[in-house]
Amino acid sequence: MTSFLASYRGEWDKLINRKKYLVFIGIGVGLCLLWAGFGYLFADFVKLRGGVNIILTPTPMGVLPLFLQIIVPFLMFMGVTDLLTVEDADKTMKAVLCRPVERWKLYTAKILAVLTYAALYLACVIVVSTGLNQLFGRPLGAAGFFIAMASYALTLAPLAVLATFAALVALWGRSGTLTMFVLLCSYMLLSVLPVFFPVLSEILFTSYLSWYKLWIGALPGAAKPVQVVIIVLGYGTVFYIAGSLLFDRKEY
Amino acid sequence: MILELENLTKLYKNGRGAEDISFTLASGEVLGLLGPNGSGKTTTMKAIAGLVRPTRGSVRICGINALQKHEEAMRRAGCLIEAPALHEHMTAYDNLNLAARFYKTVNDVRVDEVLRMVEMDKYKKEKVASFSLGMRQRIGLALALLSDPELLILDEPANGLDIEGMVAVREVVKKAAERGAAVLISSHLAHEIEQCATRAGILFEGKLLSVESMDGILASSPSLEDYFLSQIANNREEVAI
């Protein structure tokens with residue numbers, strides 16, 4: 001356990017010591033503030049023209065799709081690339097592999113560190129968006145806040161699957177830029193394919209990033225969520241085992 | 001025995017690597033691996049440290065099968081293989097601190113101690129990105145020494161070091177051996193090995209031609225360099241016959 005915790009803390013430190021990851025958290029907070037600012041100005045404009053009193057502050061549930069579908073996946077790809085491909089390319093991976101730690105523990109620690117960053121990012125978004133609602137006189141209420149919290153927490157499962165997918169791809173990469181390019185292209189492709197081939201939306205794991213909608217609000221029946229859990233778990237297991245085996249066999 | 005290699009073989013796709021390397025290393029011994037570039041020194045060390053998967057053979061560190069129980073075996077070893085791999089965006093101290101977490105016995109005091117040993121304590125708060133090759137090499141050495149290992153593996157540790165740095169490396173190696181560590185050190189410079197090793201192994205084209213005590217070598221040859229050249233010449237003759 002010591003070696004796993006040491007690896008996890010080490011990987012987390014490596015991520016958070018890079019300024020860009022803190023800057024991106026700032027950008028996330030900034031986006032919420034901008035949203036609130038423009039919303040406030042627009043509402044004021046409508047009101048001045050004798051329109052209805054509208055409120056356009058960013059609710060946690062309103063901003064979630066933007067962060068979940070675009071920003072967080074991008075950041076996770078960046079994190080996984082930095083911790084796997086870039087470390088391989090600049091040979092820093094050797095340093096940790098010479099330490100007393102089994103490779104599968106290190107691999108798991110890397111994925112968990114990236115996932116922790118994603119969780120931290122989403123936590124910042126929910127805090128800021130909830131705070132802004134409070135500030136503009138639209139408190140979420142206990143039930144609203146609970147639903148938002150539950151939705152954000154639920155998104156971590158498909159994000160974990162996305163992290164294992166990204167880690168598997170990053171293990172093949174030789175350069176950070178190329179790995180990011182491949183990851184972004186494959187993510188875009190996986191996201192766009194179901195538009196043209198609707199049947200794929202049932203089987204592609206990227207379709208389930210917004211799976212919180214299955215759990216929160218109107219449930220389409222008990223069978224569907226169970227089926228989705230199995231699909232998400234299945235993808236996660238396959239990606240994790242394949243990546244873990246590949247990492248174990250890799251030579252540095 | 002601290003280190004036991006038995007027929008350790010690692011062959012890359014191009015057919016190069018290291019073949020049937022066997023030797024043992026006891027506490028307090030310094031074994032210098034001497035060989036030209038591409039002779040298999042780094043490959044042997046990488047296979048011991050678990051960075052590459054051996055084609056065949058076994059590695060035991062303090063009696064532990066390092067190929068099966070990597071974590072347990074590496075708890076007893078400290079390595080500096082090839083150029084030191086450091087995180088550029090972190091300070092020297094943070095780089096050491098990352099490694100320190102893997103050992104229950106290593107604390108801040110020990111981190112400061114090893115930084116002093118390699119004379120890098122005054123730069124500990126500076127980012128590694130600004131360090132020269134020699135400074136990086138010293139930090140790499142500090143990383144290898146961090147856990148006060150029973151087995152110290154140093155691959156060309158004098159690379160990039162000035163004269164003072166080379167002397168410091170020799171001192172570090174001698175002190176480690178005095179306190180009972182087994183040291184495996186490689187170099188392509190014979191005088192480096194001659195000055196700090198108690199035994200020398202000659203590697204050539206992936207094969208370990210001989211392992212002799214330094215006293216024995218110097219009794220039969222004027223210097224390690226002459227011994228090395230005679231071993232290589234003998235090998236070439238054997239191959240020709």
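How many bridges join strand E1 (residues 3-11) of chain B to strand E2 (residues 17-25) of chain B? The views below are taken from a predicted model, in which local features need pLDDT of at least 70 and side-chain atom pairs count only at pLDDT 80 or more, while totals for chains, interfaces and linings use all residues. Residues are numbered from 1 along each chain as its sequence is written, chains are lettered from A and ligands numbered from 1 in the order in which they are written, and side-chain values use heavy atoms, with hydrogens and water left out.

**View 1. The hairpin of E1(B) and E2(B).** Six bridges join these two strands of chain B, which run antiparallel; strands are DSSP runs of E with at least two residues and helices are runs of H or I with at least four, numbered from the N terminus, and two strands pair if DSSP finds at least two bridges between them. Leu8(B) has Ile21(B) in E2(B) as its bridge partner. Five residues lie between the strands of this hairpin, where Gly15(B) takes a positive phi near 85 degrees.

**View 2. The hairpin of E9(B) and E10(B).** Strand E9 (residues 199-204) and strand E10 (residues 207-213), both of chain B, pair in the antiparallel sense over six bridges, and Ala200(B) is partnered by Glu212(B) in E10(B). Two residues separate the strands, and Glu205(B) in the turn has a positive phi of about 45 degrees. Arg199(B), found in strand E9 of chain B, is buried at a relative accessible area of 16%, where buried means under 20%, exposed over 50% and partly exposed in between (1.4 Å probe, protein chains only).

**View 3. Aromatic pairs in chain A.** Over all chains the structure holds 14 aromatic pairs, counted when rings of Phe, Tyr and Trp (its six-membered ring) have centres within 6.5 Å, with planes under 30 degrees apart taken as stacked, over 60 as edge-to-face and the rest as tilted. The rings of Phe77(A) and Tyr187(A) have centres 5.6 Å apart and planes at 75 degrees, so the pair is edge-to-face. Because Phe77(A) lies in helix H3 of chain A and Tyr187(A) in helix H7 (residues 176-196) of chain A, the pair ties together parts that are 110 residues apart in sequence. Phe77(A) is buried, with a relative accessible area of 0%, and Tyr187(A) also counts as buried, at 8%.

**View 4. The largest pocket.** This pocket has a volume of about 320 Å³. On a 1 Å grid over the protein atoms alone, a pocket is an open set of points where a 1.4 Å probe fits, with protein on both sides within 12 Å along at least five of seven lines, and lining residues have an atom within 4 Å of a point; grid points are joined across faces, edges and corners, and the volume is the space filled by probe spheres set on the points. Of the 14 lining residues, the closest to the centre are Asp248(A), Gly50(B), Arg53(B), Leu67(B) and His70(B). The lining has four nonpolar, three polar and seven charged residues, where Ala, Val, Leu, Ile, Met, Phe, Trp, Tyr, Cys and Pro count as nonpolar, Asp, Glu, Lys and Arg as charged, and the others, Gly among them, as polar.
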